[in-house]
Structures are given as C-alpha cells and as structure tokens.
Amino acid sequence: MSKVKAVRAAFVGIIAALVFMSGCARTAEAPVTPQAAQIASGSEQTKQITKTPKYLFVFIGDGMSYVQVNAAKVYRGNNTSGEVATGNLNFTAFPVAGVATTHDATSFCPDSASTATSISCGVKTHSGVIGMEVDKTTVAESITEQLSREKGMKIGIVSSVTINHATPAAFYAHVSSRNDYYDIAMQMAESGFDYFAGGTISQAEGKDGQTNAFDVLQSKGYTIADTPEEIRALSAGSGKVYAVSPVLQDSGAMPYALDRTEDQLSLADFVKKGIELLDNENGFFLMCESGKVDWACHANDAMSAIHDVVDFEESIQAALDFAASHPDETLILVTGDHETGGMTIGYAATGYDTAFSILDRQNMSYVAFDSFIARLKDENPNLALEDVLPVIKANFGLMSASDPDANIPANAPFVMTPMEYAKFAAAFDESMKASANRTQNEETALLYGGYDPLSVTLTHIINNKAGIGWTSYAHTGTPVPIYATGAGAEIFSGAYDNTDIYKKLAQVAGL
Ligand SMILES: [Zn+2]
C-alpha cells in the first residue's frame, strides 16, 4: 500500500471509530481528508498552552481501548428498554478527549513494550523493545528521565503488574528485549527515581552469581516496604521507596479488583501514597498502569477486565483530589497502550440486545477460578462433571437445563443452551487432562487460546450471553482514547499518533 493510501486508510479507521464512540463528539467534527488531517495534526502541535503543569499524572490502562472503557460504562448503566443509558466513569467526563493510533514499527497489533516506548519516549520501535529506537541500539530518552534531570521533578512509577513489566519499564529502562527482566530491574535501581509501587520484580534473583535485585535496590538507597504496616508508615521523609504489594496473585501481580478483599491494598492506595511521597516544590510526574485489564482481555474474561477499569477510577480519583487543591498546576491524562482481545459490545447470538447484568453472576476472575478448580482436583483426582456443576452455578451462575432448582425456568438467561452445554462438557474433559495431554490442534487453539479450557469456555459463555464478543487472545489494531484534564490539557484534543502523546507531554512541560 502506498504511503498516502495507508494514511487515508488509517484515518478512515479513526473516524469510523470516533463516530460510534460516545464522549468524543468534539473530535467527530475533525476534517475528513488526509491532507486536512495532517494540517489538523500540525495545528495540534502548535496549539497555545495556557498553563504549564507542575504535577503530571499519566494513567495507562494496559489493553484498555474504547470498548473496555465503554463496557465498564454499559456495566454501570441502565439496560431497561426505553431508558438505556451508560453509567459514568470519572475520566470519561474529562473536558478534553483525543484518539491515538497504536501501531508500532513491526505491527498494527503492537505489544506493550513498543507502545509504552512510544508514549514515554516518542519513538516507534519493534514489538518487544523498551526505550530504544527501531535499530534496537539507540537509546531513546524518556519523558521521565528528562523531567527528572531538567526540571528536578520527582518521579513515581506504579503498576498493578510486576514493576519490571513492559509498560512501567518503558519509563525508566532501555533494553532490546522486554524479557531481560533482571537487566530492567538493574536499571530500575540505577534510575534514581523516587517512588516505585505495585507488583513485585519478575526474575529478581537473576542467574547464578547475580545479586538479588531487591538487595541491589537497597544498596542504591531504596527502602523496600512490603507489609501493609510498612507501606502505611511511609512518609515524605522516607527517601527513595519501592512499595511492594503484600498480596500477589498471578505472575507477581496484584490481585484482580474482582478478587481483592476489603483488607488488601488497592492500586489507588499506592497512588495516594505516591502523591504523599512525591509532593515537593519542583513538582512530580506519576505514571500509574492498570496492567491486568490486558491480562483479563487476553483470557477473554470481561468481568475481570470491567472491574479493573472501574477500579482504575479510584486511582484516577486520587489524582483528581490532589488536583482540586492545585487546579492550575496539575495535568491528568488517562489512556491505553493498545486494545486486547478484540472485545466488542454486541454478539452474533444476542443480535441487537445486551444483558450485562448476567456478568454479576461471575464472582471471581478466571485466575482465581483456575486455582479453585486445581484445589478440587487435588482433593479428588476423579472429579466428574456432576461435581463441578454446583461450583459453576455458585461462581458463574451458569446452570445446566436439568438443574434440579425448581425455581429456574428452562429459558432463563443463565441456563446453558444445549450448544453451550456441549462446549462446556467438552472443555471440562480437556481441562481434566494433564496440560501435556490436552488436544493441540487448530480448533482447540481457537477455542481455548492456550488458557485452561474450562475457565475460558465459561467466560466465553457468560460473556456471549451478556452480548460481549471476542475476536482474539492477543492485541488488536484498535486506536486508544486519551482523556485529559487540567493545566495544558487542551493540546491533547484531536486525532494523532501515540508518539505524539510524548511530544505533547514534553511540550506541555516546557522541555
Ligand atoms: Zn497484552
């Protein structure tokens, strides 16, 4: 495809995405020719900034595109015919909205390493590369490094997943492979940044003879706080800090909001503590990632994704509360790095209807359910379909048509149809096999995507009943929204590329 055609195709895609999105009415008025688009984009770059923020917040929902955001609004909304309305999220009400393309140098379905690098450093690079240009050698300096050096700002990095995972790493590290976890952790220790918080460090132990990353961090002056008491006791005088979530769920990440108990620290708690520790006369930059929207969408688990989006609102609220006392000096951005799962509102079998209320029957994430089933299997290696039906009824609210519960009409929405039941029964059989013995073919790859066959089938069934569809277990090429409020927010309106997020941040911060 020629460059002009490619630009036109991309632009038509953006407009199409905008037209069906609520909350972006201002950008739907954008011009419709590629040439006009370039002019518009250029004028965005030179827009006058009325105020220079001293406190910058960037919230990134990993895998959070328009559908993940709108699904949370539909979940909160009213589905009564004649009164259909979306519920609110604090950030979708921000006064400025924009849209960004997310492709990287190698793909229209990019990964978090390259997209976070575009946001943090303003360059396009290969999928899998962090903080380096497309040659995988040249270091691209990040907005955080520049703000720290040139403005003396304090820097905070918060993530619900491991702190050396791709998205947080793009704000302090430069590696040619996102899998170089130990090297990333070493660069974290070298960064001198003031506050890290959330998930633990992946591969902290390194290889033979390497010093544990936690010991290296301590030798570089970091206080490691990993109990609720230690974390709560942190104060402005604590120096450089790494606050590690005392509760970790999967792969060193914080629990899904859906699984979190009242007494556990939330992502918002880490943001609030960060604000307390970072506040100083030179200002600060805080990046907070909600990383498991992506993980839930990879697994096609809408309820877990929606709850993490809704929970993200609490973290963003902490920034809004801070901004209320520093209204002319605070900028808050909320965006995503890419879409995950090809999530849609609307499914072939439900046509023009949705029934999101059925999602409330799911009371744990697929991860928590997998562990639950694993425990049952340990207790009873001959677990039968009849044994798990009550478990599925209790945790997903799904029933077989022959369920003895007399109060349930056969056509109730949470009763599995014969086709759904057959899928569930086949998935159960696969799931009960040791993973090495499971059927590996084209069909099972599409049906289960490498996830536990039982839980992914249950989330598919309940999501489809709700009117939610999925097209992938990977990332997709859907653009992402940017919501902005506060000092300098106005330059984030319009349609642009994710590398422009960095450029606009640098411009607004006076770099
Ligand atoms: Zn992902």
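Which residues point one way from β2, and which the other way? V96, G98 and A100 point one way, A97, V99 and T101 the other, and all are buried (buried means under 20% relative accessible area, exposed over 50%, and partly exposed in between, with a 1.4 Å probe and protein chains only). The model is a predicted one, in which local features need pLDDT of at least 70 and side-chain atom pairs count only at pLDDT 80 or more, while totals for chains, interfaces and linings use all residues. Residues are numbered from 1 along each chain as its sequence is written, and side-chain values use heavy atoms, with hydrogens and water left out.

Helices (H or I, at least four residues) and strands (E, at least two) are DSSP runs, numbered from the N terminus. Because six of the six residues of β2 (residues 96-101) are buried, the strand is largely enclosed by the rest of the structure. Two strands pair with β2 (pairing requires that DSSP find at least two bridges between the strands): β13 and β14. With β13 (residues 480-486) the pairing is antiparallel and runs over five bridges; here Y483 is the bridge partner of A97. With β14 (residues 494-497) the strands run parallel and are joined by four bridges, and Y496 of β14 is the bridge partner of A100.

Helix α3 (residues 66-75) is mostly covered as well, with eight of its ten residues buried. Those residues are Y66, V67, Q68, V69, N70, A71, A72 and K73. In helix α7 (residues 181-191) one finds M188, which is buried with a relative accessible area of 0%. From C-alpha to C-alpha, M188 lies 9.2 Å from A213 in space, and the two are 25 residues apart in sequence.

Distant parts of the chain are linked by the histidine pair: H298 belongs to helix α11 (residues 292-298) and H475 to strand β12 (residues 475-476), 177 residues apart. H298 is buried, at a relative accessible area of 17%, and H475 is buried too, at 13%.

Empty space was examined next. Rolling a probe the size of a water molecule over the atoms shows where empty space is left. On a 1 Å grid over the protein atoms alone, a cavity is a set of points where a 1.4 Å probe fits but cannot get out, and a pocket is an open set with protein on both sides within 12 Å along at least five of seven lines; lining residues have an atom within 4 Å of a point. The structure holds two cavities of 30 Å³ or more, and the largest cavity has a volume of about 90 Å³. Its lining includes S160, M254, R260, K292 and F312. Helix α12 (residues 302-325) gives the most to this lining, with three residues.

The second largest pocket holds about 590 Å³ of space. Of the 29 residues that line this pocket, Y347, K423, H460, I461 and N464 lie nearest its centre. Helices α15 (418-432), α16 (442-448) and α17 (453-466) are the elements that give two or more residues to the lining, and α17 has the largest share, with five.

Two loop residues complete the picture. Most residues other than glycine have a negative phi. K136, in the loop between α4 (112-121) and α5 (143-151), has a positive phi near 60° and is partly exposed at 39% relative accessibility. S251, in the loop between β6 (241-244) and α10 (267-278), has a positive phi near 50° and is exposed, with a relative accessible area of 60%.

Technical notes. Grid points are joined across faces, edges and corners, and a volume is the space filled by probe spheres set on the points.
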